[in-house]
Amino acid sequence: MKIIHITDFHLVAPGEPLWGLDPHARASACLDDIVRWHGDADFCVISGDLTNQGDESAYDWLKERLENFPLKTFLMVGNHDAREGFRHAFPETQKDENGFVQYAHKSDQGVFLFLDTLKGPVSEGEYCAARRGWLAGQLKAAADAPVWIFMHHPPFDIGIPYMDRIKLEEPEAFADIVEAHVNIRHIFFGHVHRAAFIHWRGIPCTCLPGTNHQIPLNRESVGTPYSFGPPMYGVVLIEDDKTIVHFEPCLDRAPADMGSR
Ligand SMILES: [Fe+2]
């Protein structure tokens, strides 16, 4: 099974730049690259921060763009999103009994859970008791089947102080739920705008760069909270005994200079 993980498009009003770059052009190039090289994937996931400020015009642009994207795509919300604008453009996206944008996808391979960690117009993430109840129910229903979780905010510090302050709130309450399930194969998240691997409470976790701007590990190395760097999407290969994550730098494909070999 092959799935594609993309995150943090940060779309603005079409035609406007964001931090000196064109987020629409870059998101679109990412999608084109996926179609060209990984069109055989079973599905894509975009793990939140679809937009930069929840603009309806940005969601409308994405809706139209995805109509020309042949792969099934699961959409999620992040802290830069707004549920109202998201629902306006994507009313068909499933939600839980409390209206949160979280849902499950079951396949022959196992269960994929897409979580809603949006708190509101703030940067930190929230996974309240109601949402935790939904997750506990999904994990119980999955029984022994393998489970892969996608969420926008990491439930742990990642070694970047200003990002650690805006991780998922109440991480221990979240950990209490997932730690009890040894069948959770992997947690995928966004928010951090970096390629990183974390082994947390026995669960492998990965995050990805965004498609527009990145976050430097050392802010002093660039002098600003955001930086430029190669966008990547994750190519996730799932087999019975392993989950492989390739970080694919989609806007930076160039052959090596092999001389006369
Ligand atoms: Fe983001």
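Author: A contact here means heavy atoms within 4.5 Å. This is a predicted model, in which local features need pLDDT of at least 70 and side-chain atom pairs count only at pLDDT 80 or more, while totals for chains, interfaces and linings use all residues. Residues are numbered from 1 along each chain as its sequence is written, and side-chain values use heavy atoms, with hydrogens and water left out.

Reader: Thanks! Which residues is aspartate 33 in contact with, leaving aside its neighbours within four places in sequence?
Author: Aspartate 33 is found in helix H1; helices (H or I, at least four residues) and strands (E, at least two) are DSSP runs, numbered from the N terminus. Beyond its neighbours within four places in sequence, the contacts of aspartate 33 are His38, Tyr233, Cys250 and Arg253.

Reader: Is aspartate 33 buried or exposed?
Author: The cut-offs use relative accessible area with a 1.4 Å probe and protein chains only: buried means under 20%, exposed over 50%, and partly exposed in between. Aspartate 33 has a relative accessible area of 9%, so this residue is buried.

Reader: How do the axes of H1 and H2 lie, roughly parallel or roughly antiparallel?
Author: Two packed helices are described by the angle between their axes and the distance between the axes. Axes are lines fitted to C-alpha atoms, for helices over the stretch in contact, and angles run from 0 to 180 degrees between N-to-C directions. The axes of H1 (residues 23-38) and H2 (residues 56-66) come within 12 Å and cross at roughly 25°. Angles under 35 degrees count as roughly parallel, over 145 as roughly antiparallel, 65 to 115 as roughly perpendicular and the rest as oblique, so H1 and H2 are roughly parallel.

Reader: How many residues of the contact of H1 with H2 are nonpolar?
Author: H1 contributes His24, Ala27, Ser28, Leu31 and Asp32, and H2 contributes Trp61, Arg65 and Leu66. For the classes, Ala, Val, Leu, Ile, Met, Phe, Trp, Tyr, Cys and Pro count as nonpolar, Asp, Glu, Lys and Arg as charged, and the others, Gly among them, as polar. The contact has 2 charged residues, 2 polar ones and, to answer you, 4 nonpolar.

Reader: Now to H4 and H6: what is the handedness of their crossing?
Author: H4 (residues 129-142) and H6 (residues 171-178) have axes 10 Å apart and pack at an angle of about 15°, which makes them roughly parallel. A crossing is left-handed if the near helix is turned anticlockwise from the far one by less than a right angle, and right-handed if clockwise. H4 passes H6 in a crossing that is right-handed.

Reader: And how many residues of the contact of H4 with H6 are nonpolar?
Author: On the H4 side are Arg132, Leu135, Ala136 and Leu139, and on the H6 side Ala173, Phe174, Ile177 and Val178. They divide into 1 charged, no polar and 7 nonpolar.

Reader: Which residues have the most contacts inside the largest nonpolar core?
Author: A nonpolar core is a set of buried Ala, Val, Leu, Ile, Met, Phe, Trp, Tyr and Cys residues joined through side-chain atoms within 4.5 Å. The largest one has 43 residues, and H2 gives the most to this core, with 5 residues. Those with the most contacts inside the core are Ile6, Ile34 and Phe114.

Reader: Where is serine 227 placed?
Author: Serine 227 is buried, with a relative accessible area of 12%. Not counting residues up to four places away in sequence, serine 227 touches His213, Gln214, Ile215, Pro216 and Val222. Its place is the loop between strand S9 (203-207) and strand S10 (233-239).

Reader: What is the phi of tryptophan 19?
Author: Tryptophan 19 sits in the loop between strand S1 (2-6) and H1, and is partly exposed at a relative accessible area of 48%. Although tryptophan 19 is not a glycine, its phi is positive, about 55°.

Reader: How far apart in space are alanine 254 and glutamate 97?
Author: Alanine 254 lies in the segment after S11 and is exposed, with a relative accessible area of 63%. Alanine 254 and glutamate 97 are 157 residues apart in sequence, and their C-alpha to C-alpha separation is 47 Å.
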